[in-house]
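Colleague: I would like to learn how to read a model of this kind, feature by feature. Please start with the overall fold and then move to the details.

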Amino acid sequence: MPLSEHEQRLFEQIEQSLAEDPKFASAVRASDPRFHARRRLLVAGGLIIAGLALLVYGAVIKTPPLAVAGFVVMLASAAFAVQSHRKGQAPDLHVVGGTTSRRRPRGRTGRRSSLLDRMEDRWRQRPEGHR
């Protein structure tokens, strides 16, 4: 349903007043899970580069344990980056002063959950005569 002109004006005034309040903007940004996921991705990228440098340095000075340590750092950082990316794509919902339940989107659930969802859908859509 589209907003009326009066509601549009009120909405624009609220947006302007919120944009002018830097304290509120920083508070909203600090509570945004996507902001934290982006920061974790940058940290993971830096660690991947550091691990690569450690790997190359270990190979140049012919110290296999140092090269292996660099590879392990790269691998762990890549896993951390993937996890952070997934969290950034599907941020948790937070309710102030209450509780809520949230169904996971179909494309984001694991294989078992999607299988169970499909089975439940088939069960609900079955013909009435087949019980």
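Modeller: The protein has five helices and zero strands, where helices (H or I, at least four residues) and strands (E, at least two) are DSSP runs numbered from the N terminus. Along the sequence the pattern is α-α-α-α-α. This is a predicted model, in which local features need pLDDT of at least 70 and side-chain atom pairs count only at pLDDT 80 or more, while totals for chains, interfaces and linings use all residues. Residues are numbered from 1 along each chain as its sequence is written, and side-chain values use heavy atoms, with hydrogens and water left out.

Colleague: What share of the 131 residues is buried?

Modeller: Buried means under 20% relative accessible area, exposed over 50%, and partly exposed in between (1.4 Å probe, protein chains only). Buried residues make up 10% of the 131 in the protein. The protein exposes about 11200 Å², and carbon and sulfur atoms supply 61% of that area; accessible areas come from the Shrake-Rupley method with a 1.4 Å probe, and for residues only the protein chains shown count as cover.

Colleague: How is the span of helix α3 checked?

Modeller: The expected span of a helix is 1.5 Å times one less than its number of residues. Helix α3 (residues 33-60) has 28 residues and should therefore span 40 Å, which agrees with the 40 Å between its end C-alpha atoms. Just after α3, K62 takes a positive phi of about 55 degrees.

Colleague: Which residues of α3 are buried, and what covers them?

Modeller: A37, A44, G51 and G58 are buried in α3. Their cover includes α4 (64-89). As for contacts (heavy atoms within 4.5 Å), 43% of those between residues at least 6 apart in sequence join residues at least 24 apart.

Colleague: How many salt bridges does the structure hold?

Modeller: Side chains of opposite charge can pair when their charged atoms come close. A salt bridge is a side-chain nitrogen of Lys or Arg within 4 Å of a carboxyl oxygen of Asp or Glu. The structure holds two. R124 meets E120 at 3.4 Å, N to O, and R124 meets D121 at 3.2 Å, N to O. Together, E120, D121 and R124 form a network of salt bridges.

Colleague: Where do R124 and E120 lie?

Modeller: An α-helix has 3.6 residues a turn, so residues three or four places apart point the same way. R124 and E120 both lie in helix α5 (residues 111-124), four residues apart, about one turn. R124 and D121 are three residues apart in α5, so about one helical turn separates them.

Colleague: Is R124 exposed or buried?

Modeller: R124 counts as exposed because its relative accessibility is 54%, whereas E120, at 38%, counts as partly exposed.
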